[in-house]
Amino acid sequence: MFLKNAAIGLLLVGGVVSVPQIVRSDSASLQVKDAWANPTASGQSVAAGYFVVHNRTNRAEVLRGASSPAAQNLQFHTSSLVGGVARMRKVERFNIPAGGQLKLAPGGNHLMLIGVKQQFKVGETVPVTLHFNSGASVKVKLEIKNADKSSSSNGGHHGHH
Ligand SMILES: [Cu+2]
């Protein structure tokens, strides 16, 4: 009984997700949350995006690339403070341990959108597809918002600690 229902469930999922040849349970278990980017100024050609990837599979995953119709080139960068100066460098991939997560956030790892085609405006969304080594890809929408306006519904911490 239970097995039968589970099989039907898998069939339904298979009918909706049109990812070819991929172990579906894996791609379904990569969850991307809190995807957002700051608005850009008029004429600004680069922007940074942030998100959190939860790897709910039982094996390590690698985020190896990203694409978007909104920019010519997408890269992964990591930034750090070196002697009080923010430096960023390109990284080819991010490893995400089994059951772990990858967090891209201001001041650290981020998605770099280069050759932005249109101004990012608050309230809009920017589509991005994330590509993983397993063959899985996950579509996300970056919500355009200001990082420092914590009064909006950004799901941030509400404490005043
Ligand atoms: Cu960067």
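Me: How do you know which parts of the protein chain not to read in detail?
Reply: By pLDDT, the predictor's confidence in each residue, from 0 to 100. The mean for the protein chain is 82, and 74% of its residues reach 70 or more. Over residues 6–27 pLDDT stays under 50, and the model has 15 contacts beyond four places in sequence for them. Residues 150–161 also stay under 50, with four such contacts. Where pLDDT is low, the predicted coordinates should not be read in detail.

Me: What makes a stretch count as a helix or a strand, and how many of each are there?
Reply: Both are DSSP runs numbered from the N terminus: helices are H or I with at least four residues, strands are E with at least two. On that basis the protein chain has two helices and 10 strands, in the order α-α-β-β-β-β-β-β-β-β-β-β from the N terminus.

Me: Why are β2 and β8 called paired?
Reply: Two strands pair if DSSP finds at least two bridges between them. Strand β2 (residues 46–55) and strand β8 (residues 109–116) have four bridges and run antiparallel, so they pair. A48 stands opposite M112 in β8.

Me: Why is D34 called partly exposed?
Reply: A residue is buried if 20 or more other C-beta atoms, placed from the backbone, lie within 10 Å of its own, exposed if 12 or fewer, and partly exposed in between. D34 has 15, so it is partly exposed. D34 lies in strand β1, and its phi is near 55 degrees, a positive value in a residue other than glycine.

Me: What makes V140 a contact partner of V32?
Reply: Contact requires C-beta atoms, placed from the backbone, within 7 Å. Leaving aside neighbours within four places in sequence, V140 meets this with V32, A35, F51, V128 and L130.

Terms used
Residues are numbered from 1 along each chain as its sequence is written. This is a predicted model: local features need pLDDT of at least 70, side-chain atom pairs count only at pLDDT 80 or more; totals for chains, interfaces and linings use all residues. Two residues are in contact if their C-beta atoms, placed from the backbone, lie within 7 Å.
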